Amino acid sequence: MEALRQDDPRRFGPYTTLARVRESAVAVHFLARGADRDGLALVTAAWPALASVPAFRRRFRSEARTAERLAGGPVPRPDVSPEGDGLWTATAYVPAVTLSEAIGLAGPLPERAVRVLGAGLAGTLSRVHASGAVFQGLAPGTVLVAEDGPRLTAFGPLGAAAHAEAREGGQLSVRLGYLTPEQVEGQEAGPASDLFVLGLLLAYAATGTTPLADGPAEEAAERIAHGSAELGSVPVGLRALIAGCLSKDPAGRPTAGSVAAELAPEGAADRAQGGWLPAVLAAAVTDQAARARALEPPAGPVDDGPRVPPVEERTPTGAALPDGGAPGHVVPPGGGHDGDPGEDSRTTRFLGTGARTPRSDRATAQLTLPEEVTNAAPPRLPAAVPPPAQPYAHPAFTAAPPALPAAAPPVPAPRTGPVTGRRALLTAVAAGAAGLVVGGAAVAALGSDGSASAATDEKPAAEPRPALPGRPPEPRWTYARPAKAPAPLTAGVWRDRLLVLTDTAGATAVDLRTGRKVWERADAAGAQSVLTAGEDLCFLAAPAEFLWLSPADGRIRHRVRFADQFDGVPDMKVAPLTGQSGSVLWFTGSHTVTVRAPKPKKGKKRGKDTQVVKAYFFAYDVVRREEVWRVAVPAGRAPGTPAYRLIAARNADLVVRQDAGTLTPADVRAGQGKAVFRCFDRTTGKPLWNRRFGTVAPGGAAAGDQEGRLFGAVGDDLGAFETGSGKPLWTLNGTASSVFGTPVAAGALLHTTNRDQEVGAVERATGKVLWRRSTEVPAGDGCPALTLSGSGRTLLAADASQVTAFAAADGRRLWKFQDIGAPAPDGAAVTAPYRVLATGKTSVVVQRERAFYAFPVE
């Protein structure tokens with residue numbers, strides 16, 4: 001514990017800071033007094049360089065919520081900063097030292113103390129595992145020993161990070177500690193993984209060294225995966241239990257409940273009564289408590305203004321306390337899993353071991369920003385001018401904006417060829433452990449014109465190195481729209497050669513091989529759909545016209561205004577396109593006609609003319625540039641155009657459903673909460689039937705296939721129906737909160753998605769579940785949007801938080817990707833969801849508003 005520094009904040013919400021306790025990889029910990037001045041609190045404030053990263057903020061708050069759910073016994077209940085008031089948590093202060101500091105002070109703990117420690121930790125793990133989650137927050141620095149028993153301060157890998165820093169160019173580097181055998185081999189972590197780490201911690205507490213994990217990182221990974229643990233120094237009474245926890249086979253490890261029962265049948269709290277700590281540790285805890293009670297708030301007025309110097313001058317080091325004192329009970333923003341799916345369980349990670357933590361010589365996780373964004377940072381302001389408020393940072397931790405760089409940093413050359421050795425696994429800690437994932441170290445930097453400066457027009461981008469478990473492959477290129485340009489209205493792929501973006505200022509084409517901008521056309525402004533029109537033209541649909549552009553230079557070859565093409569429908573208003581198959585697209589349009597009042601009878605006044613909306617469903621051939629057919633359909637809600645969504649395009653017919661937002665009040669009443677699907681003859685447009693399927697709602701998810709099935713969300717379930725008769729075929733049961741999203745049919749499979757952030761695969765014909773996996777994103781209102789790669793081998797789930805890639809056949813989690821993207825010109829944070837576009841059989845493009853990344857996939 002040390003006195004506050006000049007630049008330390010004096011207040012966090014109702015808490016007045018008294019002293020600086022310690023620094024960690026992600027936060028500074030302060031001793032503080034609450035507004036009532038009766039009790040002491042520990043405030044954990046995130047470093048500003050990390051707090052400015054939206055994904056870090058989401059993870060910080062997610063893990064704090066996990067602590068709230070686990071509160072009780074060894075888990076204190078945190079007070080979490082409200083939105084807009086920085087990024088910090090506070091808990092009641094309990095004098096304690098970390099396990100790593102305890103070993104440094106007193107050496108190995110006696111067997112009784114190890115039993116109390118292990119029973120307390122295992123009891124909490126048992127609570128987490130009972131919910132079906134994984135903890136993943138154990139490390140010597142996140143376990144505290146207090147007078148009345150052990151305490152837990154991290155509830156996931158973010159709080160247990162051994163190293164984290166924001167780097168130049170918008171990157172975030174995170175390094176963590178212990179591996180488990182299954183993670184070294186690239187398998188998914190589960191509850192048994194927590195037991196392996198618990199075994200390492202108990203051996204560390206009993207001997208002062210960590211079996212298997214000490215020494216150089218790559219050698220430690222090899223020993224963890226294949227070596228035998230040397231437990232000769234472990235007390236005999238603990239040896240068999242710890243050996244069981246360190247079993248290479250997860251199925252051979254004991255459960256958390258059985259470990260707790262074996263270590264302390266009477267319970268950890270009862271066993272800790274009467275004193276459980278060695279004298280030197282008990283004295284350290286007592287001394288810390290006395291020093292804390294003697295602290296008073298600093299004299300003078302409390303200033304809530306910015307006090308912390310720029311981040312580059314204050315990078316957290318995680319070094320020992322300046323005065324050698326022991327820290328108090330800190331609740332960092334770490335969090336494991338009690339229903340908290342913020343982490344990718346396939347991410348390789350290793351947790352620290354106090355002073356013995358091996359340091360890797362490479363960054364293990366980076367969050368990348370397009371260089372164009374970082375180059376747009378404002379210059380430093382004079383000292384007399386208050387710096388602008390930075391998003392996501394507590395006012396007391398607002399760092400000065402970085403100076404404009406003199407020149408763009410050099411572009412690292414893409415790496416090719418295989419990565420050899422265990423070091424690849426050790427350095428492949430994807431930032432999924434902290435809710436952050438990287439595109440890799442070889443991402444091409446963006447030039448000021450928004451092009452990928454490492455790419456050339458003559459050669460495609462180099463093939464990236466193979467992906468490691470949990471880590472996304474390196475993007476072949478990145479591209480970002482300039483800050484001065486409008487945000488894209490839409491993006492589409494033309495013949496696997498061009499990525500075409502449209503906005504209110506024009507259309508832009510990007511070469512899908514290199515990421516370089518090919519052309520930009522201002523006269524194609526406002527287009528809202530990008531389609532293919534034969535072999536040699538790119539088709540754009542704008543609100544009042546259709547455009548055909550040359551893919552070579554973007555020059556408009558043909559332009560068809562609706563007023564000229566569609567006779568009898570003057571001033572036609574068109575809804576978003578319904579869909580396309582081959583050269584034919586379908587869309588709805590409407591116009592208003594005046595119906596004259598009938599001639600009045602003799603002696604009567606003539607009535608008023610009325611305005612009536614007439615709506616049509618069109619089929620249009622974009623290659624021949626001619627209307628195929630049109631059919632009159634009921635008008636929609638004012639201004640009158642019904643918007644149809646394509647459910648299935650089959651050989652003889654097509655099935656559509658009207659978007660709920662365009663239904664008239666009369667349609668809503670007649671539907672009685674159910675969606676009406678319409679079927680049209682594909683050749684003539686003749687209406688064939690209108691039908692409801694089960695209780696599929698007007699806005700509920702629905703999709704069809706070529707075999708005449710319709711799949712729709714029915715309450716909490718997913719149902720399959722025969723479109724010809726409406727007969728139910730099968731039902732996939734969900735949970736009370738699942739609510740299925742739009743499925744994707746592929747061969748004999750149907751890929752599913754729901755609001756529990758789960759994706760899966762079932763047999764289309766029977767509904768038999770083949771696999772189901774979580775994206776490990778906190779549950780929200782929406783479902784992940786599914787995209788299948790061109791080869792059909794990779795399934796990608798995109799939501800507002802990340803993109804997660806799965807093997808389509810068996811659901812193996814391959815990798816996940818997050819980035820904060822390119823912010824809006826006014827500096828506002830990006831909140832747009834991720835979007836995935838399949839391009840050919842071996843790549844996809846991931847979009848986050850202005851930022852685009854090309855990833856190789858299977």
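The tour begins with salt bridges, each defined as a side-chain nitrogen of Lys or Arg within 4 Å of a carboxyl oxygen of Asp or Glu. By this rule the protein has 28 salt bridges. The model is predicted, so local features need pLDDT of at least 70 and side-chain atom pairs count only at pLDDT 80 or more, while totals for chains, interfaces and linings use all residues. Residues are numbered from 1 along each chain as its sequence is written, and side-chain values use heavy atoms, with hydrogens and water left out.

**Salt bridges**

Select R291 and D287. Their side chains form a salt bridge with an N to O distance of 3.7 Å. The two residues lie four residues apart in helix α11 (residues 279–294), about one helical turn from each other. Helices (H or I, at least four residues) and strands (E, at least two) are DSSP runs, numbered from the N terminus. An α-helix has 3.6 residues a turn, so residues three or four places apart point the same way. Is this pair buried or exposed, or does it fall in between? R291 is partly exposed, at 29% relative accessible area, and D287 is partly exposed as well, at 41%. On this scale, buried means under 20% relative accessible area, exposed over 50%, and partly exposed in between (1.4 Å probe, protein chains only).

Next select R561 and E545, a salt bridge whose closest N and O atoms are 3.2 Å apart. This pair links distant parts of the chain: R561 belongs to strand β20 (residues 556–561) and E545 to strand β19 (residues 545–549), 16 residues apart. R561 is partly exposed, with a relative accessible area of 43%, whereas E545 is buried, at 11%.

Move on to R764 and D705, where the closest N and O atoms of the salt bridge are 2.8 Å apart. R764 lies in the loop between β36 (758–763) and β37 (769–774), and D705 in the loop between β30 (702–704) and β31 (709–714), so the pair ties together parts 59 residues apart in sequence. R764 counts as buried at 11% relative accessibility, and D705 counts as buried at 4%.

To end this part, select E2, R5, D8, R20 and E23, which are linked in a network of salt bridges.

Select helix α4 (residues 111–130). The expected span is 1.5 Å times one less than the number of residues. Of the 20 residues of α4, 14 are buried. G132 follows α4 and has a positive phi, near 85°.

Then select helix α6 (residues 191–207), which has 17 residues and reaches 25 Å from its first C-alpha to its last, close to the expected 24 Å. In α6, 16 of the 17 residues are buried. G208 follows α6, and its phi is positive, near 85°.

**The second largest pocket**

Which residues are closest to the centre of the second largest pocket? Select R645, L786, T787, R835 and L837, which lie closest to the centre among the 38 lining residues. On a 1 Å grid over the protein atoms alone, a pocket is an open set of points where a 1.4 Å probe fits, with protein on both sides within 12 Å along at least five of seven lines; lining residues have an atom within 4 Å of a point. The space in this pocket is about 1,600 Å³. Strands that each supply at least two lining residues include β13 (490–494), β26 (644–649) and β38 (785–788). β42 gives the most, with five residues.

**Two single residues**

Select T578, found in the loop between β21 (573–574) and β22. T578 counts as buried, at 8% relative accessibility. Leaving aside neighbours within four places in sequence, its contacts (heavy atoms within 4.5 Å) include W586, F617, Y644 and R645.

Finally, select L814 in strand β41 (residues 813–817), which counts as partly exposed at 22% relative accessibility. L814 and T794 are 20 residues apart in sequence and 8.8 Å apart in space, C-alpha to C-alpha.

**The whole chain**

Clear the selection to view the protein, with its 15 helices and 44 strands. Of its 858 residues, 56% count as buried. Among contacts between residues at least 6 apart in sequence, 61% join residues at least 24 apart.

Key: Grid points are joined across faces, edges and corners, and a volume is the space filled by probe spheres set on the points.
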